[in-house]
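I open this notebook to record what I looked up in the structure shown below. The entries follow the order of my reading.

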Amino acid sequence: MYDGGKIIVGLIIGLGLLLSPFLYNAGKATKAPEPQLTPKAKEAKVCVANTNFMTTKHMQLLDRWRDEVVREGKRYYKSPEGKVYYKSLQVTCLRCHSNKTKFCDECHNYMGVEPFCWECHIAPKEKE
Amino acid sequence: MNFIISILFSGIVVSVLVLIPWVGVAAFDLRFLFGVVVPYLAMAVFFIGMVARVIGWGRSPVPFRIPTTAGQQFSLPWIKYSKIESPKGNGGVIIRMLFEVLLFRSLFRNTRLEYRRLANGPKLDYEWEKWLWLAALMFHYSFLVIFLRHFRFFMEPIPGFVHILEKLDGFLQLGVLPVSGLNVPSVFLTDMLLMLALTYLFLRRIYIPQTRYISLPADYFPLFLILALGLTGILMRYFIRVDITAVKTLALGLFTFKPTVPEGIGVIFFIHLFLISMLIAYFPFSKLVHMAGVFLSPTRNLANNSRMKRHINPWDYPVKVHTYEEYEEEFRELMIQAGLPVEKQPEKVEEQSEETGEKE
């Protein structure tokens, strides 16, 4: 092999980089996030839309709410079940999900999302 | 092959590749097959295939240097030479390789030959042509950033560089104002740039007649495959969302060899996963293997030191030669009879043989 040593070293570096997820995670126990509901949410039983929709698309809902409130002044939302909610991040979502760190952040930390909403909106005060 | 047929053929193949997981998951619920088996197989094909290709290249002899005409080579100390374009040692080679791999120097040199008829006669022009280089750079770097951003699915805890990339990539927060309707504040620039660059590269192929003429399905297919991959990704991020926390659980399962397929992941994810599996499995067999091949380009990675070092051809083997002296020895008498000039006269030969006593 011409320059065999260099080629092998290069190959190992390349493979190492591409296999890094295997090496990085080796032996680590990871656990999926478990967002916890507050007693208040448990009592309500349902979210503002069905659970599957909320899990996957809550950021889209919030985005739409914000646009509708701020740009069109439409402050009320009717859920598929016919319940009416005040469109608000702080007053609606986080009244029910007042355990932000154990609910929203549980998933967000796992996925590495840091919504910048809290630069302006006020996160609920949590005990402990 | 006619370019319309090539495009149709590649388009149909990519459509089938989209339909396979779609039908497989939506109709037959083969989630384990498409979520675990296919990705593992694809990774195996990729890694074994790439190693085999690189070892294969490594085993082929590269006895000689291939100086390109891009720069003056080193000769006499007082003649200025091009240290990077035509390096004489390893340092220059490393810099040349960095330029090649990171900045696509060879593509940057691209020119276009143009034949024009002017009023006073025909004219040949070498035009400055940087669009290919620009689009290629845009495509490759966008792809790299997108690939690295995906490490938020591959690693737990998420390494810091992913956050930095996400911040930089989404810093315009395009979702807030100009393109509301994309439903998230941080619309990633690389998503848009990737699709733009791919579209340009495709249009360029069919727009320039010479490029169109030399394009084969092997050129269109990877373009379409990556376009489809990008499209499913964009759909999944901005429109048809899936539960990406479950997706991360699936990905981590693959990388820790404890595969699981969580409930409730949308079909679009399986299409995306199947397309990337096909892409990586296709790598070692196609032009995409230039990902490894670029490092082994002999015109780029060998110092131009032919004047200082002797390089020996390994194919040189002892050829049986029949020199003129031997020839004359054999046919001298016949040559003399035929009146042909000979170098040694026969008397001399006799004298010599008497001296050495070899012949009677």
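I began with chain B, which is divided into domain 1 (2-296) and domain 2 (324-359). I note that the model is a predicted one. Taken over C-alpha atoms, the centres of domain 1 of chain B and domain 2 of chain B are separated by 72 Å.

I then turned to chain A, where the division is into domain 1 (1-29) and domain 2 (39-119).

My next entry concerns B:Asn110. I located B:Asn110 in the loop that lies between helix H4 (105-108) and strand E1 (111-118) of chain B. Leaving aside residues up to four places away in sequence, B:Asn110 touches B:Glu129, B:Lys130 and B:Leu132. With B:Glu129 there is a polar contact from side chain to side chain, at 3.4 Å.

Is B:Arg241 buried or exposed? I recorded B:Arg241 as buried, yet without a salt bridge. The nearest side chain of opposite charge is that of B:Asp243, 8.1 Å away, whereas a salt bridge would require a distance within 4 Å. I did find a polar atom of the B:Arg241 side chain 2.7 Å from the backbone oxygen of B:Arg237. Again leaving aside residues up to four places away in sequence, B:Arg241 touches A:Thr56, A:Lys57, A:Met59 and A:Gln60 in chain A, together with B:Val184 and B:Met236 in chain B.

Conventions
Residues numbered from 1 in each chain as written. Chains lettered and ligands numbered in written order. Predicted model: local features only at pLDDT ≥ 70, side-chain atom pairs only at ≥ 80, totals over all residues. Heavy atoms only, no water. Domains from an automatic or database assignment. Helix = DSSP H or I, 4+ residues; strand = E, 2+ residues; numbered from the N terminus. Polar contact = N/O pair within 3.5 Å; in protein donor to acceptor, adjacent residues only side chain to side chain. Contact = heavy atoms within 4.5 Å. Buried < 20%, exposed > 50% of the residue type's maximum accessible area, 1.4 Å probe, protein only. Lys, Arg positive; Asp, Glu negative; His and termini not counted.
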